[in-house]
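Student: Before we look at anything, could you take me through this entry feature by feature, giving the general idea and then the case at hand?

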Amino acid sequence: MSVLRTEVVVRPSDIDQLGHVNNARYLEYLEWGRVRWYQSHPSLLSPDVNFAVASIHINYRREVKLDARLTVLTGLVRVGNSSITFRQEIVDEEGQRVADAEVVAVYFHTGLRKSVPFPAELRAQLEAKRVDVSQFESR
């Protein structure tokens, strides 16, 4: 499996009073990357179960200005009993890392309103989609 790439262009509404992308917007960019990842793996989702973010640890590396073209890199790096961990990076046009994050999402049962363990078949599917952190190419 490879790292999924999602293209983003910084909009005027993303800019804060300091003239660069507001820190909360990076979380939105990361979400777009995860949404695309889930969309590219529709067999993982159903009306009864979905994934809910439980934890995000983000590092802001460089500031980003208006009209910048960014790429969000998203890859599944760990599979637990009822959670998955994504590695995500946001890189600029020169391949420079502007932010990186580790995001934990739990397998969430919408009727029970709580996380549940992965069925064996789903766990095997998830394991097959894992990537090695070395597949991230930013500097």
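Student: Is Arg87 buried or exposed, and what is its relative accessible area?

Tutor: Some conventions come first: this is a predicted model, in which local features need pLDDT of at least 70 and side-chain atom pairs count only at pLDDT 80 or more, whereas totals for chains, interfaces and linings use all residues. Residues are numbered from 1 along each chain as its sequence is written, and side-chain values use heavy atoms, with hydrogens and water left out. Burial is read from relative accessible area, with buried meaning under 20%, exposed over 50% and partly exposed in between (1.4 Å probe, protein chains only). Arg87 has a relative accessible area of 17%, and therefore counts as buried.

Student: What surrounds Arg87, and which polar contact does its side chain make with another side chain?

Tutor: Contact means heavy atoms within 4.5 Å, and, when residues up to four places away in sequence are not counted, Arg87 touches Leu73, Thr74, Gly75, Val77, Arg97, Asp100, Ala101 and Phe136. A polar contact is a pair of N or O atoms within 3.5 Å; within protein, one must be able to donate a hydrogen and the other to accept it, and residues adjacent in sequence count only if both atoms are side-chain atoms. By that criterion the side chain of Arg87 makes a polar contact with the side chain of Glu89, at 2.7 Å.

Student: In which element does Arg87 sit, and what is the order of elements in the protein?

Tutor: Elements are DSSP runs numbered from the N terminus, with helices being H or I of at least four residues and strands being E of at least two. Arg87 belongs to strand β4, which covers residues 83-91. The protein has two helices and six strands, and from the N terminus on their order is β-α-β-β-β-β-β-α.

Student: How does the radius of gyration of the protein relate to that of a compact globule?

Tutor: The radius is taken over C-alpha atoms, and the globule rule is 2.2 Å times the number of residues to the power 0.38. For 139 residues a compact globule would have a radius near 14 Å, and the 16 Å of the protein agrees with this. Along the principal axes, the C-alpha atoms fill a box of roughly 45 × 30 × 20 Å. Of the 139 residues, 43% are buried, and among contacts between residues at least 6 apart in sequence, 67% join residues at least 24 apart.

Student: What is the accessible surface of the protein, and how far apart are the mean positions of its charges?

Tutor: Areas come from the Shrake-Rupley method with a 1.4 Å probe, and for residues only the protein chains shown count as cover. The accessible surface comes to about 7,600 Å², of which 48% belongs to carbon and sulfur atoms. For charges, Lys and Arg count as positive and Asp and Glu as negative, while His and the chain ends are not counted; each charge is placed at NZ of Lys, CZ of Arg, CG of Asp or CD of Glu. The mean positions of the 18 positive and 18 negative charges are 4 Å apart.

Student: Where does His41 lie, and which partners does its side chain reach?

Tutor: His41 is in the loop between α1 (23-39) and β2 (49-60), and it counts as buried because its relative accessibility is 8%. The side chain of His41 reaches the backbone oxygen of Trp37 at 2.7 Å, and it makes a polar contact with the side chain of Ser40 at 3.0 Å.

Student: Which residues other than glycine have a positive phi?

Tutor: Two cases to look at are Asp67, with phi near 70°, and Arg113, with phi near 60°. Asp67 lies in the loop between β2 and β3, and at 53% relative accessibility Asp67 counts as exposed. Arg113 is in the loop between β5 (97-109) and β6 (114-115), and with a relative accessible area of 57% Arg113 is exposed.
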